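I opened the model to look up a few local features. My notes follow the order in which I checked them.

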Amino acid sequence: MPTLRWMIGFLLVSTLLLVALTPYQLTRSRSASAAAAQNSGQQDSGERRIYTNDDFPVSDAPPSSEGTKSDAGQPVAGPKGERVAPFVPTPMEIVDRMLELARTTSKDVVYDLGSGDGRIVLRAAQQFGARAVGVELDHNLAVESAEKAKEMKVDNLVTFIEGDLFQTDISPASVVTVYLLLSTNDRLRPVLEKQLRPGTRVVAHDIRIPGWKAAREEEVTLGLGIHYVYLYEIPGAFSGAAAP
Ligand SMILES: C[S@@+](CC[C@H](N)C(=O)[O-])C[C@H]1O[C@@H](n2cnc3c(N)ncnc32)[C@H](O)[C@@H]1O
């Protein structure tokens, strides 16, 4: 029965290979996710890394407590929503320029809509003494941001909401920052017009808010890249009603 002997031999070899390779595959995938997590901690390395959604998968874990502040170092649970932009961090030089253009002071309340790793919010608090709120859908990014706030000892000034930027009350803001897609800014415009008070400054990185005229536009060259910063100011006519 040479065929039967051959089949038994084949089965034995396949089983041995499977047993030998499984731990190797597990180790490999663990180190890949550890590298992604470590990478996400690099705030200002000078090099621009393009992150993908795979680096920071959206968690399906239910929020621990709806809409209330949890332990220090943890984000506040907000409403779930749809991802409307990938995570691409704003370089720190541009973060500073955005906050300066908005004339941020310690009297301001800064909201970053889609706050990523929290850099704009943390900078607003640390450098400008402002109170600041980050709204971020991605669980890992929201947790990382809240942990950094604690490490940097600015958790008394900042709040991170793990939730949907379209379903968050942004009316307390005096400065709003965005780095989102054009289609998202277009969807967001009526929300900003409805909720924000006259005099609130809105600063957009690279992507305009369609239909609004910028009070100032700046072009900033960083290495080989050119960045655009747009400053908008909410006029009295927007308050409480959609713009014409
Ligand atoms: C281009 S990144 C900007 C990050 C940060 N604001 C900065 O400038 O460095 C856009 C962020 O929006 C987040 N995002 C996408 N859809 C969202 C939603 N519906 N609600 C809240 N955040 C969202 C993404 O996870 C991502 O972190």
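I count two strands as paired if DSSP finds at least two bridges between them. The model is a predicted one.

Entry one, strands. I looked up strand E6 (residues 201-205) and found that it pairs with strand E8 (residues 225-233) in the antiparallel sense, over five bridges. I then took strand E7 (residues 216-222), which also pairs with E8 in the antiparallel sense, over seven bridges. Which residues stand opposite Val229 in E8? I found His205 opposite Val229, and I found Glu218 opposite Val229 as well. E7 and E8 form a hairpin, with two residues between them. In the turn I noted Gly223, with a positive phi of about 60 degrees.

I looked up residues 139-151, the 13 residues of H4. From first C-alpha to last I read 18 Å, close to the 18 Å expected at 1.5 Å a residue. I listed the buried residues of H4 as Leu141, Ala142, Glu144, Ser145, Ala146, Lys148 and Ala149. I recall that residues three or four places apart in an α-helix point the same way, because there are 3.6 residues a turn. Just after H4, I noted a positive phi of about 60 degrees at Lys153.

I looked up the 25 residues around the ligand; Phe87, Thr90, Gly114, Gly116 and Tyr179 come nearest. How do the residues of this shell divide into nonpolar, polar and charged? I have 12 nonpolar, six polar and seven charged. Helix H3 (119-128) and strand E3 (131-136) each supply at least two residues of the shell.

Technical notes: Residues are numbered from 1 along each chain as its sequence is written. This is a predicted model: local features need pLDDT of at least 70, side-chain atom pairs count only at pLDDT 80 or more; totals for chains, interfaces and linings use all residues. A residue is near a molecule or strand if its C-beta atom, placed from the backbone, lies within 6 Å of it. Helices (H or I, at least four residues) and strands (E, at least two) are DSSP runs, numbered from the N terminus. Ala, Val, Leu, Ile, Met, Phe, Trp, Tyr, Cys and Pro count as nonpolar, Asp, Glu, Lys and Arg as charged, and the others, Gly among them, as polar. The expected span of a helix is 1.5 Å times one less than its number of residues. A residue is buried if 20 or more other C-beta atoms lie within 10 Å of its own, exposed if 12 or fewer, and partly exposed in between; C-beta atoms are placed from the backbone.
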